[in-house]
Amino acid sequence: MLGHLECFVSSAENGSFSAAGRKLGISPAAVGKNVTKLETLVGVRLFQRNTRKLILTEAGERFLQEVSGGLQTIQCALKGLSSGGGVAAGTLKISMGTAFGLHFVLPMLPDFLARYPAIVPDWHFDNRQVDLIGDHFDAAIGGGIELAQGMIARELAPAHGVLVASAQYLRNRPPLQQPEQLAEHAGIFIRSPQTGRVRNLPLRNAQNEQRAPAMAMKMTVNEPDAAARAAEMGLGIALIGMPNALPYLESGRLVRVLPGWYVDRGSVYLYFPTTKFLPTKTRAFVDYITEQFRLQRLATRFDAR
């Protein structure tokens, strides 16, 4: 019965048996067979089928609303049972930003695995926003992810953007004292991997004054670490997030430009399913990341104010 429900909910969410099969790792025919069996069991037609897509019937829409939350609770409970009777074990699928994950989370891995040797990391380094439920992630670290039913977002640190450049680039130009002077400089901008647009959020200072970072567009990239490296080569001034900028700033490869000004992009969050029936492996990761952010003072180090 659980398999029938999973096939029904996935088909409804993805619009076809084929898409549901890809999500669940089974054939479209198996999905369709399970849905047909479920319709026989409940005694009503749940989908109107045509050659292009599935359309929920009125009864199907009502049934979907009634079972979705319960199915997620059962799945979480089963995950909790399968995690070794209280032992943190099994594959742990996590999503995180590329540079942030490589610079800050990956170095935690040896100590994490020393504590939890039965966990097998399946870590995805990607700057796109992921579908935690649909892509079957146990947790994610980032920002701006839409919270699905049953998901929690725990704030870890501010998400501030800062202006950075190489000392060599700045040495050959008049000193920058006000944001208006940025118009005279070459800008290295980052395009969103999702939309292809350049986010042009305003700079702000301690007095909450706001100014546009109006630099000439020297170049654009779709990866924050590429922008940092271009700035390191003296190609211009880059506006990048503190987690991306911090390794360059702390090593002296880049310096802050207009250090009294920054961009507020919200917060860095740790996303994970609701704590009820949370698998032991996921609870171990959530607690470990929270502990390390505190011990390494990452919230303070990511704060550009």
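In this predicted model, helix α10 contains a series of buried residues: Lys281, Thr282, Ala284, Phe285, Val286, Tyr288, Ile289, Gln292 and Phe293. An α-helix has 3.6 residues a turn, so residues three or four places apart point the same way. The helix covers residues 280-295, and at 1.5 Å a residue its 16 residues should span 22 Å; the C-alpha atoms at its ends are 22 Å apart, in agreement with that expectation.

Helix α10 also supplies the largest nonpolar core. That core has 47 residues, of which Ile141, Leu270, Phe285, Ile289 and Phe302 touch the most other members. Its largest share, 6 residues, comes from α10. A separate core of 16 residues lies apart from the largest one, and Cys7, Phe8, Ala20 and Leu46 are among its members. In soluble globular proteins, nonpolar side chains tend to be buried together.

The C-alpha atom of Arg294 is separated by 10.0 Å from that of Ala157, although the two residues are 137 places apart along the chain.

Just after α10, Arg297 takes a positive phi of about 55 degrees. Arg297 belongs to the loop between α10 and α11 (298-301). Asn208, in the loop between β8 (203-204) and β9 (210-211), likewise is not a glycine and has a positive phi, of about 65 degrees. Most residues other than glycine have a negative phi, and most peptide bonds are trans.

| Residue | Relative accessible area | Class |
|---|---|---|
| Arg297 | 49% | partly exposed |
| Asn208 | 47% | partly exposed |
| Arg49 | 33% | partly exposed |

A further region of interest involves helices α2 and α3. Two packed helices are described by the angle between their axes and the distance between the axes. The axes of α2 (residues 17-24) and α3 (residues 28-42) come within 8 Å and cross at roughly 105 degrees. Because this angle falls in the range of 65 to 115 degrees, α2 is roughly perpendicular to α3. On the α2 side, the residues that meet α3 are Phe17, Ser18, Ala20 and Gly21, and their counterparts in α3 are Pro28, Val31, Gly32 and Val35. By type, the contact residues comprise 5 nonpolar, 3 polar and no charged.

Beyond residues up to four places away in sequence, Arg49 touches Phe17, Val35, Thr36, Glu39 and Leu54. Its C-alpha atom lies 9.3 Å from that of Ser16, a residue 33 places away in sequence.

For the chain as a whole, there are 11 helices and 13 strands. The C-alpha trace spans about 80 × 45 × 35 Å along its principal axes. Of the 305 residues, 44% count as buried. Among contacts between residues at least 6 apart in sequence, 75% join residues at least 24 apart.

Notes
Residues numbered from 1 in each chain as written. Predicted model: local features only at pLDDT ≥ 70, side-chain atom pairs only at ≥ 80, totals over all residues. Heavy atoms only, no water. Axes fitted to C-alpha atoms, helices over the stretch in contact; angles between N-to-C directions. Helix = DSSP H or I, 4+ residues; strand = E, 2+ residues; numbered from the N terminus. Parallel < 35°, antiparallel > 145°, perpendicular 65-115°, else oblique. Contact = heavy atoms within 4.5 Å. Nonpolar A, V, L, I, M, F, W, Y, C, P; charged D, E, K, R; others polar. Expected span 1.5 Å × (residues − 1). Buried < 20%, exposed > 50% of the residue type's maximum accessible area, 1.4 Å probe, protein only. Core = buried A, V, L, I, M, F, W, Y, C linked by side-chain atoms within 4.5 Å.
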